[in-house]
Amino acid sequence: MWRGGASAAYAARALRSRLLADPVHHPSSAIPPIASARTACSAAPAPTVAEAAAASAALSSGTGSASDVLGYYGRCYWELSKARLSALVVATSGAGYVLGSGSIVDIAGLCYTCTGTMMVAASANTLNQVFEIKNDAKMKRTMRRPLPSGRISPVHAAMWATGVGAAGTALLACKANGLAAGLAASNLILYAFIYTPLKQIHPVNTWVGAVVGAIPPLLGWAAAASEVSLNSMILPAALYYWQLPHFMALAYLCRDDYLAGGYRMLSFADPTGKRTAWVSLRNCLYILPLGLFAYNWGLTSEWFSFEASVLTMGLTIGALSFVLDPSPKSARRMFHGSLLYLPALMAGLILHRLPNEQKEHNIHETSEMAGVVYGAELREEERARQKREDQKKHSRAQSRPPVAYASVAPFPFLPVPVYVSPQAHEL
């Protein structure tokens, strides 16, 4: 039996090595050239059959081969979910949850919200790759993904996306509230079914994608506070404006790759890079007053307004250097600066946050209402108990035996005498 399991495991590893060629030992077959989207699509079903055969052989062999299959699919799911990007989405959602909480943060609720957000983000990223197989096959930085490389079938990826997305939305609905689940489902639809096809139609997709990125912190706030208020818009607004200079720098650096993939970006119609740089600078300036708004609206202390202004000025200087010298060097500098800016801004928000007053007010009102209801229930219970006691006394008085009445009379066969008070005789 051990020998048969080892043989099946060896066959699975050999098949896997044919699917994933080692670039060291097989440099010519590591990344097969993709002549066209049609060639890539026609070549995709072949690994699907081999993939199913490898999975069935490995699963029927034993523990070792099953772990190989789980590891294989685990890596595919990891890449389909864009785990690092999804982790950033989860971080913004968690920050929104903390900001929307009162003086005490519900750790269990935070974990449920982050888990549900991660699952929905993984579903959206997977659907994005399912719809863009042909485009990803034409781009150097995406052709090694599981779907263009044929490591997993589109049907399998779509089933994974549907399952994990439905589970994440259900988790948010059960453990958070309907508002958070609705925001998650809406963002999934906006990203997968509106933003994704729009990337091949018009450059406005960048602004739509910024809306998608701004919703997760709002989702976290809604999960904590069960409502959306004015001060809940600070972090979503910062994320919206931050994404534009961040992505403009990326689109400028990778515009040839995006052009090969068939995506419509603003940088295509901007050979000098001036327009792209000005868009970056303009949106950096929009972030400047957000720190002051956060303080004035009672979201943070006054220290955050100072720190946010300093951080945003650094990002703005990077965008200004991109405007003065539109080059890959200045674009890369601004891109790296934007990567440092966002975690620093969120850390400052959480460090200097003030408890959500509306959340505290709701908790206070709920506790007062619960106290009033509890007091009314106690009074009602006391009245019911007193009524029961009175009924018991009355029933005992009515149930006295006839001999008790007869014993009052001088003779048992005579009725009870009626005694008249002296005051009645005087009248």
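Predicted model: local features only at pLDDT ≥ 70, side-chain atom pairs only at ≥ 80, totals over all residues.
Asp 106 caps the N-terminal end of helix H6, with a side-chain oxygen 3.4 Å from the backbone nitrogen of Ala 108. Residues are numbered from 1 along each chain, and side-chain values use heavy atoms.

| Helix | Residues |
|---|---|
| H6 | 107-131 |
| H10 | 205-225 |
| H11 | 234-253 |

H6 reaches 36 Å from its first C-alpha to its last, close to the 36 Å expected at 1.5 Å a residue, counting one less than its number of residues.

H10 and H11 pack at about 145°, their axes 8 Å apart. Their contact (heavy atoms within 4.5 Å) includes Trp 207 of H10 and Phe 247 of H11. It divides into 13 nonpolar, 4 polar and no charged residues.

Finally, Arg 151 forms a salt bridge with Glu 79, the closest N and O atoms being 2.8 Å apart; the cut-off is a side-chain nitrogen of Lys or Arg within 4 Å of a carboxyl oxygen of Asp or Glu.

Conventions: Helix = DSSP H or I, 4+ residues; strand = E, 2+ residues; numbered from the N terminus. Polar contact = N/O pair within 3.5 Å; in protein donor to acceptor, adjacent residues only side chain to side chain. Axes fitted to C-alpha atoms, helices over the stretch in contact; angles between N-to-C directions. Nonpolar A, V, L, I, M, F, W, Y, C, P; charged D, E, K, R; others polar.
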